[in-house]
Amino acid sequence: MHKEVAGVRIPDSKLAREATELVRDVSSPLVYHHALRSYVFAELIGRARGLTYDSEVLYLGTVLHDLGLTERFEGALRFEVDGANAARDFLVQRGAPRQTVSRVWDAVALHTSVGIAEHKEPEVALTHLGISVDVVGKGAELVGHERLAGVVAAFPRLAFKRDFVQVLCGVIQRKPHTTFGNFLSDVGQRHVPGFRPLDFCEALEGAPFTE
């Protein structure tokens, strides 16, 4: 485990180490590396924007954000909420402060919520923004080419564009009811044969009212 990447120190408290170990144990290397890259990107964006935040809370939010994509923690809810609940349980079991638990829950649950997460507390907003850099490149200009390369050298992408889509396809196939209102619908329409998303207009028209 790197102690510092692109000028960002990786939190090394007992709680942070245990979170790292959990994610490493339950996740594929693809998802594990994604979580760590997302933290470094989140820190770099936070610095670029001059924000004040708790780096350990930010680390916990980013490193735990995809627990809902793992076999151990997948449930019947949206993967973001499954992951938030797993992160909450992990923190409560270790006696983390209530505010830390609440903020990490929000960071994980809202990490895909474009247009919402960035208006929450700094740790929640930066979790979303760091992940956005790693997944779709949004905000990469705040990180800079040299530091982007340094982060990827430390935590290789491992064919992320190709294989992360396959991870998401698995979620869609197992839990199609969780795709409404989020980006999984886009993935399903392009990559999952036979997938048909719930249509808002159909839902509206099918409501049990005459008007």
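**Salt bridges, an annotated domain and a helix crossing**

Visitor: How many salt bridges does the structure hold?

Guide: The structure, which is a predicted model, holds 14 salt bridges.

Visitor: Which residue does R94 pair with, and how far apart are the closest N and O atoms?

Guide: R94 forms a salt bridge with E18, and the closest N and O atoms lie 2.7 Å apart.

Visitor: Where do R94 and E18 sit in the chain?

Guide: E18 belongs to helix α1 (residues 14–26), whereas R94 lies in the loop between α4 (79–93) and α5 (98–109). The pair thus links distant parts of the chain, 76 residues apart.

Visitor: Changing topic, which feature does UniProt place at residues 31–122?

Guide: The unreviewed UniProt entry places "domain: HD" there, at residues 31–122.

Visitor: What is the helix and strand content over residues 31–122?

Guide: That stretch is 60% helix and 0% strand, with its end C-alpha atoms 23 Å apart.

Visitor: On to the helices. At what angle do the axes of α3 and α6 cross?

Guide: The axes of α3 (residues 55–63) and α6 (residues 122–136) cross at roughly 40° and come within 9 Å. The two helices are therefore oblique to each other.

Visitor: Is the crossing of α3 and α6 left-handed or right-handed?

Guide: The crossing of α3 and α6 is right-handed.

Visitor: Which residues make the contact?

Guide: Helix α3 contributes V57, L58, G61 and T62, while α6 contributes E123, L126 and T127.

Visitor: What does that contact look like by class?

Guide: The contact of α3 with α6 has 3 nonpolar, 3 polar and 1 charged residues.

Methods. Residues numbered from 1 in each chain as written. Predicted model: local features only at pLDDT ≥ 70, side-chain atom pairs only at ≥ 80, totals over all residues. Heavy atoms only, no water. Axes fitted to C-alpha atoms, helices over the stretch in contact; angles between N-to-C directions. Helix = DSSP H or I, 4+ residues; strand = E, 2+ residues; numbered from the N terminus. Parallel < 35°, antiparallel > 145°, perpendicular 65-115°, else oblique. Left-handed = near helix turned anticlockwise from the far one by under 90°. Contact = heavy atoms within 4.5 Å. Nonpolar A, V, L, I, M, F, W, Y, C, P; charged D, E, K, R; others polar. UniProt positions renumbered as here; feature names shortened; annotations may be inferred. Salt bridge = Lys/Arg side-chain N within 4 Å of Asp/Glu carboxyl O.
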